[in-house]
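Please take a moment with the sequence and the structure shown below.

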Amino acid sequence: MRPKRIAAGLIAVALLATAGCGGRTGTETENTSSGDSVVADFGDLTGVCQDGDASGSPTQGVTDTEITVGVFSDVGYSKNPEFVDAAKVFTSWCNAAGGINGRTITTQTHDSKVMAVRQKMVEACRTDFALVGGGAGLDGLGVKERLECTLPDMPAQVSQQPNLGTDLQVIPSPSTYAHYDPYNAFRRWLTKEAYPQSAGAVGIINGDSPVTKVLGDKAVESLKAMGADVIYNELYPVGGVTDWTPYAQAIKNSGVRGLIWYGEDAPLAKLEEKLTSMDYKLDWIDPNNNAFRPDYVELLGPSAGYQNNLVDLGGVVPPQLAGESEAMRQLQDLYAKYAPDAVITLPAVRAFSAWLLFAKAASSCGADLTRTCLIEAAQKENAWNGGGLHSPNDLTNKDAPPTCFNVMQATPDGWKPAEFGADNGLFRCNTPPYRYTGNYGEPLTLADVGKTMADVK
């Protein structure tokens, strides 16, 4: 394989580590008030944004009239605007209601294009008050710079271990955990309840990249701990596979009944096509929630009705269930008003939760809006649910385990909720967590860069 092709493959696999990336390239957008009368309540949150008479410039990125917030995105590579769309929708709505105590939120998109994370983080350090509602496939590359400039981060999602659970970071939605398996409850349900015969015949296929190989290692550890046997564990070249027949034949010959995939969606669809043509139907396939998009069902084609693709949304309300969620209905209304052509993706829902947390925490600080106040206010939330967009997340404990999961199934008619034993509204909660015992690396801290909270202004 040519070096350029290999590099492109590594980038593509890096992107899957986030459930999606989005933004607009190198632009600064000020969403000014339209003068409309807006009720700034969302779901079960009241007074998210409001007018006021805040003044002064207590810290970088905060003036008498504005708050500059950064949004990270790999849009230059992915061409996916979901993070910037979420920022546009939220700030348009919030600013129309008066902003944060009268200060308008101005967003600055940092297009990291996968490999430019460090460069864009240096830029953010020069201008931004905080980072909100974004993500990057190789986000671990900019952690040191972010901590050195004491820049708070409320991401939509985190990709790499060095950035997961770092200081000055608050992850609002239940999505990633530094020391716990986020899919443990889902895979226990698969192998213990829904398809118990699959427990002795689980397979994993993974992109041959350090970005995702660690995900496979974690999966093997937790599967073994729950009593499941991994009988097939294969890597595929991230530069591309021209023929998936050998992989499909190996999966069939091994007798795999449940398959976990880490990689881009299109290659998996090709693999499933081969399996289907061999008339080999697995009990289940976990394509990871990166695949939770309408176009994945289209990619599957006939396999959508033959193979059994199931994804765990980790306690996030899917747009398909807006009829059962006031918060999701309201989110759809806001998108229809402020970004009618945008798609509400799983990462977009997580991003909106991050913006809601930012606004609530920042508003509580009043005129004296500092980074310290923002982080401390956000970390007081012990059951943050994004107004009802997802299951409660304890932000007071950076090492809190996951509590709920929910499952969607790919069908020829699109994604539908699976029968997974929901016991708390749309979710199944209070399931036993699994804490990793292996050493997968630790997140950076302020102390690692010679800083303390006293340096955060």
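A residue is called buried here when its relative accessible area is under 20%. In this predicted model, strand 2 (residues 66-73) is mostly covered by that criterion, since 7 of its 8 residues are buried. Strand 2 pairs in the parallel sense with strand 3 (residues 104-111) over 8 bridges, and within this pairing Ile67 stands opposite Ile105. Strand 2 also runs parallel to strand 4 (residues 130-132), to which 2 bridges join it, with Ala130 of strand 4 being the bridge partner of Val69.

Ser173 lies in the loop between strand 5 (153-154) and helix 6 (184-194), and it counts as buried because its relative accessibility is 2%. Apart from its neighbours within four places in sequence, Ser173 is in contact with Ala156, Arg350, Ser353, His390 and Asn393.

Side chains of opposite charge can pair when their charged atoms come close. A search of the whole structure finds 14 salt bridges, among them that of Arg118 with Glu145, whose closest N and O atoms are 3.2 Å apart. This pair links distant parts of the chain, with Arg118 in helix 4 (residues 117-127) and Glu145 in helix 5 (residues 143-148), 27 residues apart; Arg118 is partly exposed at 44%, whereas Glu145 is buried at 16%. Another salt bridge joins Glu123 to Lys120 at 3.5 Å between the closest N and O atoms, and because these two are 3 residues apart in helix 4, about one helical turn separates them.

Arg187 forms a salt bridge with Asp286, with 2.9 Å between the closest N and O atoms, linking helix 6 to strand 9 (residues 284-286) across 99 residues. Both Arg187 and Asp286 are buried.

Key
Residues are numbered from 1 along each chain as its sequence is written. This is a predicted model: local features need pLDDT of at least 70, side-chain atom pairs count only at pLDDT 80 or more; totals for chains, interfaces and linings use all residues. Side-chain values use heavy atoms; hydrogens and water are left out. Helices (H or I, at least four residues) and strands (E, at least two) are DSSP runs, numbered from the N terminus. Buried means under 20% relative accessible area, exposed over 50%, partly exposed in between (1.4 Å probe, protein chains only). Contact means heavy atoms within 4.5 Å. Two strands pair if DSSP finds at least two bridges between them. A salt bridge is a side-chain nitrogen of Lys or Arg within 4 Å of a carboxyl oxygen of Asp or Glu.
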